[in-house]
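Take a look at the model below. We start with what a database record says, then turn to the coordinates.

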Amino acid sequence: MRAYLLLENGVYFEGESIGLPGETVGEVVFNTGMTGYQEVLTDPSYYGQIVTMTYPLIGNYGINEEDFQSYKPHVRGFVVREACEKPSNFRYKYTLDEYLKANNIVGIQGVDTRALTKIIREKGTMMGMITLNISDIEEKLKAIRGHIERDHVERVTTREVYHIHGSGYRVAVIDYGIKTNIIENLKIRGLDITVFPARCAAEDILDIKPDGILLSNGPGDPKDAMYAVEQVDKLIGKVPVFGICLGHQILSLALGADTSKLKYGHRGCNHPVKDLKSDRTYITSQNHGYTVIPESLPDDVEITHININDNTVEGIRHKKLPVYSVQFHPEASPGPYDTLYLFDVFVDMMKRRVADV
Ligand SMILES: NC(=O)CC[C@H](N)C(=O)O
């Protein structure tokens, strides 16, 4: 079946429908990972976005039961050059097309994803639509341009508080749209985990007497989650706080800094990030469209990591309090394990604090 990807500037691409044959509107972004499409599909941070993969063959190792980053796909739409119909992998359970169909995700293949990516790189991220016909293009452009969403985090956060028993330090996790592998990395370290919804109150978190607090990744503009910023502000200085991606942005806002939108974001598995203290460069997994403005950081907060490609802020730390965060994804999934040690830094902070008290 024929399908189209229509961009808000009127440019469109013709292709073939994959997944649910239908119509969908979202922010069109690109991911440069050569693998990891299953993790990308199910990462809640992509909620509301039509994701295009720049690697031309997607689905070649299928979809398995082990690599999901949440219980369902959260992308608004999926764009590929070629969707592989005959995957080959011992873990493979579903083809990409089967998985998209089973989860009502609209997709398109046969798109010149290189040309599409060049447009986004030149003009910046824009809204778009996957649709089965473009006969009434003006109407569709109106729908695309008028599409506004502001409650991304509330759509993906947990509804209820839940607990995962562990024998180690007690960690409160605020779920803004958390990826499974972040929880997995806390579990591996034996931590006792309580996960709270995004709209939880700081008092409820402090009630469980946590040894540390983790602020998760999540979708959308951090400034749409000012309710979260207000609560995090009350938590700073109480116990160690570790922020990842959206958690890093929310923490930065709570510390008094400001954020802005990047032209086309960082999404992929090979973004070089320099740890300014050790002077080492790590290869990181990234998925973000917003960034912390360096000049806006208060004096008592220092930049710990920068992106080597564009010098944007990739990590911060409070100079006196046990508070730090990173813009990239130390939990990988997809991507390299270079920065898993950041979870050990968190455990160390809790250890030192407990020893101090
Ligand atoms: N992965 C994330 O947590 C993304 C953070 C935020 N939604 C951004 O796009 O910048």
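UniProt positions are given here in the numbering of this text, feature names are shortened, and annotations may be inferred rather than shown by experiment. Residues are numbered from 1 along each chain as its sequence is written. The model is predicted: local features need pLDDT of at least 70, side-chain atom pairs count only at pLDDT 80 or more, and totals for chains, interfaces and linings use all residues.

Under "binding site", an unreviewed UniProt entry lists Ser45, Gly218, Gly220, Leu246, Gln249, Asn287, Gly289 and Tyr290. These positions are spread over 246 residues of sequence, yet they cluster in space, with a largest C-alpha distance of 13.1 Å.

Now the ligand itself. Its surroundings are Ser45, Asn217, Gly218, Pro219, Gly220, Cys245, Leu246, Asn287, His288, Gly289 and Tyr290; a residue counts as near if its C-beta atom, placed from the backbone, lies within 6 Å. The shell has 4 nonpolar residues, 7 polar ones and no charged ones. Here Ala, Val, Leu, Ile, Met, Phe, Trp, Tyr, Cys and Pro count as nonpolar, Asp, Glu, Lys and Arg as charged, and the others, Gly among them, as polar. Strand S16 (residues 280–292) gives the most to this shell, with 4 residues. Helices (H or I, at least four residues) and strands (E, at least two) are DSSP runs, numbered from the N terminus.

Leaving out residues up to four places away in sequence, Gly289 touches Val29, Thr125, Lys261, Leu262 and Gly265; contact means C-beta atoms, placed from the backbone, within 7 Å.

Gln249 sits in helix H9 (residues 246–254). Gln249 is buried, because 30 other C-beta atoms lie within 10 Å. Beyond four places in sequence, Gln249 touches Pro222, Thr259, Tyr290 and Val292.

Turn to strand S3 (residues 24–31). 8 of its 8 residues are buried, so S3 is largely enclosed by the rest of the structure. S3 pairs with strand S9 (residues 126–131) in the antiparallel sense over 5 bridges; pairing takes at least two DSSP bridges. With strand S4 (residues 49–53), S3 runs parallel, again joined by 5 bridges. Glu27 stands opposite Met127 in S9 and opposite Gln49 in S4.

Terms used. A residue is buried if 20 or more other C-beta atoms lie within 10 Å of its own, exposed if 12 or fewer, and partly exposed in between; C-beta atoms are placed from the backbone. Two residues are in contact if their C-beta atoms, placed from the backbone, lie within 7 Å.
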